[in-house]
Amino acid sequence: MKMFNPSMVWLLDNDIKAKTEVVKDIEAIKLNETENLTQLLVFIKTSEVPHYHAEHDLTFILLKGRGELYLEGKREVLEEGDVAFIPKGAVHFYKNLDYISVLLAVFSPKYDGKDSIRVEL
């Protein structure tokens, strides 16, 4: 099994720099996947819409930038290096407060991109 180690993010510096210049809204690159989890590098220039994941837990590390996480009615400003855990069923969204935010996101179990249910706040 091959896993991405966050301490090795410097290996992705060129990819992050190149992607930063072309992302217009939100984009994700799949880094790794097993039956139990999916690791994504997520680039956010704007804001997600409020949503939840019915079948997936999500943990992310903010690798670059600054943003605001809305989670179940509470807002928290996040800085580089901060980690957030979002349990399945929790309404959330992330709003970028910098030029771009880059997150290492880990979904469990394996995520196909379909388990994102929008909600109105």
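Helices (H or I, at least four residues) and strands (E, at least two) are taken as DSSP runs and numbered from the N terminus. The structure is a predicted model, in which local features need pLDDT of at least 70 and side-chain atom pairs count only at pLDDT 80 or more, while totals for chains, interfaces and linings use all residues. Residues are numbered from 1 along each chain as its sequence is written, and side-chain values use heavy atoms, with hydrogens and water left out.

The secondary structure of the chain consists of 1 helix and 10 strands, arranged along the sequence in the pattern α-β-β-β-β-β-β-β-β-β-β. The radius of gyration is 14 Å, close to the 14 Å given by the globule rule for 121 residues, so the chain is as compact as a globular protein of that length. Here the radius is taken over C-alpha atoms, and the rule is 2.2 Å times the number of residues to the power 0.38. The C-alpha trace spans about 35 × 35 × 25 Å along its principal axes.

Of the 121 residues, 39% are buried; buried denotes under 20% relative accessible area, exposed over 50%, and partly exposed in between (1.4 Å probe, protein chains only). Contact is defined as heavy atoms within 4.5 Å. Among contacts between residues at least 6 apart in sequence, 68% join residues at least 24 apart. The chain carries 15 positive and 20 negative side chains, and the centres of the two sets lie 3 Å apart. Lys and Arg count as positive and Asp and Glu as negative, whereas His and the chain ends are not counted; each charge is placed at NZ of Lys, CZ of Arg, CG of Asp or CD of Glu.

Aromatic rings of Phe, Tyr and Trp (its six-membered ring) were paired if their centres lie within 6.5 Å, with planes under 30 degrees apart classed as stacked, over 60 as edge-to-face and the rest as tilted. By this rule the chain contains 3 aromatic pairs. The ring centres of Phe60 and Tyr94 are 6.0 Å apart and the planes stand at 85 degrees, so this pair is edge-to-face. The pair links distant parts of the chain, with Phe60 in strand S4 (residues 57-64) and Tyr94 in strand S8 (residues 92-96), 34 residues apart. Both Phe60 and Tyr94 are buried. For Phe107 and Tyr111, the ring centres are 3.9 Å apart and the planes are at 10 degrees, so the pair is stacked.

Tyr111 is located in the loop between strand S9 (101-108) and strand S10 (117-118). With 12% relative accessibility, Tyr111 counts as buried, and Phe107 is buried as well. Beyond its neighbours within four places in sequence, Tyr111 is in contact with Glu33, Thr38, His53, His56 and Ser116. The loop between S9 and S10 also holds Pro109, and the peptide bond from Ser108 to Pro109 is cis, with omega near 0 degrees.

Tyr70 belongs to strand S5 and, at 13% relative accessibility, counts as buried. Residues up to four places away in sequence aside, Tyr70 touches Arg75, Val91, His92, Phe93 and Leu121. The C-alpha atoms of Tyr70 and Tyr94 are separated by 6.3 Å, although the two residues are 24 apart along the chain. In the loop between strand S5 (66-71) and strand S6 (74-79) lies Glu72, which has a positive phi of about 50 degrees although it is not a glycine.
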